[in-house]
Amino acid sequence: KLVMLDKWHYLFHNVCYGKSLPTLPVSVITPVRESTWVGYGGNIAVLSLPNVSIKENHVFADGDRALVTHMVSLGTGVWIACRFSSVLTLLDSGTMQPLQQVNMEEVLKPVSVSYGFTTLIRVSAVLCYNNLLWIGTSQGA
């Protein structure tokens with residue numbers, strides 16, 4: 001369930017409708033332009049506000065373990081990453097079409113090798129600040 005708190009009133013909304021889609025935990029919520037994007041399982045629901053109706057439902061990643069864990073809006077796009085993944089994907093916020101993918105494992109491989117890191121690189125945090133995309137990884141600081 002998606003729960004909204006409006007002062008002292010709780011409003012409950014189902015993000016995932018239909019018997020063919022399982023109820024999955026909501027993992028991330030972010031404002032994008034005039035809507036709100038909700039990540040649940042490997043899916044993204046786009047909600048229109050203020051009536052909280054589902055405008056779109058999009059499968060972002062397949063598989064039982066797929067989980068959208070990071071979403072940040074930057075310009076006219078939304079950067080998204082999934083659990084256990086080293087890949088960041090930029091989706092157009094209007095069409096939800098992929099615009100770019102960045103594999104952090106490939107980007108950081110030269111640095112990792114020179115410092116002797118042998119663990120897999122995964123996206124662990126994402127932030128948009130001052131028109132820059134900040135990416136935290138499993139390699140630490």
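A: Let's begin with contact, which means heavy atoms within 4.5 Å. Leaving aside neighbours within four places in sequence, Ile44 is in contact with residues including Trp37, Val38, Phe60, Val68 and Ile80. This is a predicted model, where local features need pLDDT of at least 70, side-chain atom pairs count only at pLDDT 80 or more, and totals for chains, interfaces and linings use all residues. Residues are numbered from 1 along each chain as its sequence is written, and side-chain values use heavy atoms, with hydrogens and water left out.

Q: Which residues make up the largest nonpolar core?

A: A nonpolar core is a set of buried Ala, Val, Leu, Ile, Met, Phe, Trp, Tyr and Cys residues joined through side-chain atoms within 4.5 Å; buried means under 20% relative accessible area (1.4 Å probe, protein chains only). Here the largest has 12 residues: Val28, Val32, Trp37, Ile44, Val46, Val68, Met71, Val78, Ile80, Cys82, Leu91 and Met96. Strand S8 (77-82) gives the most, three residues.

Q: Are the faces of S4 covered or uncovered?

A: Strands are DSSP E runs of at least two residues, numbered from the N terminus. In a regular strand, side chains alternate between the two faces of the sheet. For S4 (residues 35-40), six of six residues are buried: Ser35, Trp37 and Gly39 on one side, Thr36, Val38 and Tyr40 on the other.

Q: What joins S4 to S5?

A: Two strands pair if DSSP finds at least two bridges between them. Six bridges join S4 to S5 (residues 43-48), and these strands run antiparallel. Val38 has Ala45 in S5 as its bridge partner. In their hairpin, with two residues between the strands, Gly41 takes a positive phi near 55 degrees.

Definitions and conventions
Buried < 20%, exposed > 50% of the residue type's maximum accessible area, 1.4 Å probe, protein only. Helix = DSSP H or I, 4+ residues; strand = E, 2+ residues; numbered from the N terminus.
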